[in-house]
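Q: Can you walk me through this one? Keep it quick, and give me the cut-offs as we go.

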Amino acid sequence: MLTYKMLHQKPEAVIRLLKVHERKHNRQYYSRVRDKHHTEQDPAALAARFIYLNKTCFNGLYRVNKAGKFNVPIGRHNKVTICDEKNLMAVSSVLDKATLRMSQFDKITPAEGDLVYCDPPYDGTFTGYTGAGFGEADQKRLQATCEKWRQAGVHVIVSNNDTPLIRRLYSKWNLHEVHAPRNINCNGNGRGKVAELLISG
Ligand SMILES: C[S@@+](CC[C@H](N)C(=O)[O-])C[C@H]1O[C@@H](n2cnc3c(N)ncnc32)[C@H](O)[C@@H]1O
């Protein structure tokens, strides 16, 4: 959220700091930046650090340890684009039209005719990124919330893995199978094309 906010408000500052990371990037530098937990205060520098680590870590994975410290090792890239200035400026202008808010999914109150897209942690994959996890009970709670919205005339789209649980939960919805290329997966063998569902109601 902070990264989105900073890209919106101060894209030039984030890009300038990201270019420094790009110039200095190597194995030792990555470890130094990664291990600077909770010491960086400047919001633009925090955003640049987040983008730098996301681009250079293993598979773009976000994972923290029990102490809340980012602990993903460096990725195996031959060449990696760290600062895509044009794209970051485009993201910045698109954010002009957005209002960012962070909340539990069941605390939002969409109105009739609104479109809600839910991109939850996917069933059957590693969801313990932040310690809180997202298990079967959460998937059920999300489905119940989506059902409530649907009954109130809200357009709802949900993406998730194509698993028996998700098919059961959304059996009365429209299910579209998609085969999405994925780079992020805790199990390296599971990478590549994964069967997913785009669910609409
Ligand atoms: C598959 S990712 C979505 C990624 C997102 N589409 C993006 O491009 O950044 C799942 C997200 O659900 C969030 N999440 C987990 N539990 C949640 C909850 N109870 N309410 C709202 N969001 C939650 C996670 O923090 C994570 O960012």
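Q: Which residue just after α6 takes a positive phi?
A: Gly153, with a phi of about 85 degrees. The model is predicted: local features need pLDDT of at least 70, side-chain atom pairs count only at pLDDT 80 or more, and totals for chains, interfaces and linings use all residues. Residues are numbered from 1 along each chain as its sequence is written.

Q: What about a positive phi at Asn59, what value does it have?
A: About 55 degrees, although Asn59 is not a glycine. Asn59 is found in the loop between α4 (43–56) and α5 (85–94). Helices are DSSP runs of H or I with at least four residues, strands are runs of E with at least two, and both are numbered from the N terminus.

Q: Which residues of α6 are buried?
A: Gln139, Gln143, Cys146 and Trp149. They cover an arc of only 120 degrees around the axis, so they sit on the same side of α6. The arc is that of the directions from the helix axis to the C-beta atoms.

Q: And which exposed residues are on the face turned away?
A: Ala137, Ala144, Lys148 and Gln151.

Q: What covers the buried residues of α6?
A: The cover includes β1 (115–118), along with β2 (155–161) and α7 (164–169). Contact here means two C-beta atoms, placed from the backbone, within 7 Å.

Q: Zoom out. How many helices and strands are in the protein chain?
A: Seven helices and four strands. From the N terminus on, the order is α-α-α-α-α-β-α-β-α-β-β.

Q: How much of the chain is buried?
A: Buried residues make up 16% of the 201 residues.

Q: And contacts, what share join residues at least 24 apart?
A: 70%, among contacts between residues at least 6 apart in sequence.

Q: How many residues are in the largest nonpolar core?
A: The largest has 14 residues, and those with the most contacts inside it are Val14, Leu18, Ala44, Ala47 and Ala48. The elements that give two or more residues to this core are α1 (2–9), α2 (11–24) and α4. α4 gives the most, with six residues. A nonpolar core is a set of buried Ala, Val, Leu, Ile, Met, Phe, Trp, Tyr and Cys residues joined through C-beta atoms within 7 Å.

Q: What does Leu18 contact?
A: Ala48, Ile51, Tyr52, Ile82 and Cys83, leaving aside neighbours within four places in sequence.

Q: How many residues does the second core have?
A: Nine, in a separate core that includes Val156, Ile166, Leu169 and Tyr170.

Q: Back to Ala48. Buried or exposed?
A: Ala48 is buried, because 28 other C-beta atoms lie within 10 Å. The residue is found in helix α4. Ala48 touches Val14, Leu17, Leu18 and His21, not counting residues up to four places away in sequence. The C-alpha atoms of Ala48 and Ile82 are separated by 9.9 Å, though the two are 34 residues apart along the chain.

Q: Ligand next. Which residues surround the ligand?
A: Gln104, Phe105, Asp119, Pro120, Pro121 and Phe134. A residue is near a molecule if its C-beta atom, placed from the backbone, lies within 6 Å of it.

Q: What is that shell like by class?
A: Four nonpolar, one polar and one charged. Ala, Val, Leu, Ile, Met, Phe, Trp, Tyr, Cys and Pro count as nonpolar, Asp, Glu, Lys and Arg as charged, and the others, Gly among them, as polar.

Q: Where is Pro121?
A: In the loop between β1 and α6 (136–151). Pro121 counts as partly exposed, because it has 19 C-beta neighbours inside 10 Å. The C-alpha atoms of Pro121 and Gly135 are separated by 8.9 Å.

Q: Last one. What does His37 touch?
A: Lys69 and Phe70, not counting residues up to four places away in sequence. His37 lies in the loop between α3 (27–34) and α4.

Terms used: A residue is buried if 20 or more other C-beta atoms lie within 10 Å of its own, exposed if 12 or fewer, and partly exposed in between; C-beta atoms are placed from the backbone.
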